[in-house]
Amino acid sequence: MSLLNPASSSTAAADARIDPRHPFVGHLHLVDALDREQPHAAWTPDDGPLPSLYISHGAPPLFEDAGWMEQLVGWARSMPKPKAILIVSAHWESDSLGITSTVPTELVYDFGGFSRTYFEMRLDTPEASGLARQLLDVLPTTEHVYEHRRGLDHGAWVPLKVMYPHADVPVLQLSLPTRASTTKLLEIGSRLRTLREQGVLVIGSGFMTHGLAHIDMRSASVPRWSAEFDAWAADALSRGDVEELAHFRTRAPGLRYAHPTVEHFTPLFVTLGAATDPTAPVTTTIDGYMVGLSKRSFQAA
């Protein structure tokens, strides 16, 4: 069924109201064409564990970048469609671990200054109580996980709306522990490894460089600090050097500008922790820059 058929779902009904000239509508037509050519096959145990992902997620301008959207949906379709998605976003930190509501609820529109179009978008995914039970089964009994009434924030729903626009996969967002050490984040990730064997896609969502305050939006150039930080991270990831990455506060060039606060970088450690071998080289899926910020994204086996 077409993604732009209002009868198909509340998500599709909202999408059908978007100006047909908008690049996201073109993206939906692209996905419709891909579906007609070859429907996205669902994960089965024969497929083996899904990879864990780190996504540079972008804000609503992602919906205006046809090339970036095509990369993201191509990445999604290079894997079987997951049974469920567990995502950690830079935009929800909490002292105790929390999860978003397991029943459908409103998205969090945690941005400003953009077109009203983006405040009317929806991603009404199926209820996720089964995923919540799977998550609790793999976390220590001493780890108290609170279910919140909140929905997905833009670090989760924006990339997922591009990658899985049918909104037919259950999604839960797991909070990012406030001020957690890299060791703690790697340990949380390690607890999620077995979920990958059950068809759950584990995602850390951030942005490889995120110094928005130091970016000239009118310039097409890439600041030196952004390029140097990206090159450092790319080199360490290509060698599986988790120790180097874990010491980013003292070793990463340009950190003061690339990450004035570090919540857009640290979801990477949940991704690596969830990998079968965190010290194995990762596969870069997207690179390049958006307004001088690195879009580097990768998957770990």
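**Cavities, a pocket and a buried serine**

Analyst: The largest cavity has a volume of about 130 Å³. Please keep in mind that this is a predicted model.

User: Which residues lie nearest the centre of the largest cavity?

Analyst: They are Ser101, Val103, Pro104, Thr105 and Thr125, out of a lining of 15 residues. By class, that lining has eight nonpolar, six polar and one charged residues.

User: What is the volume of the second largest cavity, and what lines it?

Analyst: Its volume is about 40 Å³. Among the residues lining the second largest cavity are Ile85, Thr125, Tyr164, Asp168 and Val171. The lining of this cavity divides into seven nonpolar, one polar and one charged.

User: And how much space lies in the largest pocket?

Analyst: A pocket is open, whereas a probe in a cavity cannot get out. The largest pocket holds about 250 Å³ of space. Of its 17 lining residues, Gly58, Ala59, His210, Leu212 and Met290 lie nearest the centre. The lining has 10 nonpolar and seven polar residues, and no charged ones.

User: Now the strands. Which residue of E5 is the bridge partner of Ile85?

Analyst: In a regular strand, side chains alternate between the two faces of the sheet. The bridge partner of Ile85 in E5 is Val171. Strands E2 and E5 pair in the parallel sense, over six bridges. Ile85 and Val171 are also both in the lining of the second largest cavity.

User: Why is E5 described as largely enclosed by the rest of the structure?

Analyst: Buried means under 20% relative accessible area. Strand E5 covers residues 171-177, and seven of the seven are buried, so the strand is largely enclosed.

User: Is Ser89 buried or exposed?

Analyst: Ser89 counts as buried because its relative accessibility is 0%. The residue is in strand E2, which covers residues 84-94.

User: What does the side chain of Ser89 touch?

Analyst: A polar contact of 2.9 Å joins it to the side chain of Asp153. A polar atom of the Ser89 side chain also lies 3.0 Å from the backbone nitrogen of His91. Leaving aside neighbours within four places in sequence, the residues in contact with Ser89 include Gly155, Gln173, Leu174 and Ser205.

Terms used: Residues numbered from 1 in each chain as written. Predicted model: local features only at pLDDT ≥ 70, side-chain atom pairs only at ≥ 80, totals over all residues. Heavy atoms only, no water. 1 Å grid on protein atoms, 1.4 Å probe; cavity = no way out; pocket = protein on both sides within 12 Å on 5 of 7 lines; lining within 4 Å. Points joined across faces, edges and corners; volume = space filled by probe spheres on them. Nonpolar A, V, L, I, M, F, W, Y, C, P; charged D, E, K, R; others polar. Helix = DSSP H or I, 4+ residues; strand = E, 2+ residues; numbered from the N terminus. Buried < 20%, exposed > 50% of the residue type's maximum accessible area, 1.4 Å probe, protein only. Polar contact = N/O pair within 3.5 Å; in protein donor to acceptor, adjacent residues only side chain to side chain. Contact = heavy atoms within 4.5 Å. Pairing = 2+ DSSP bridges.
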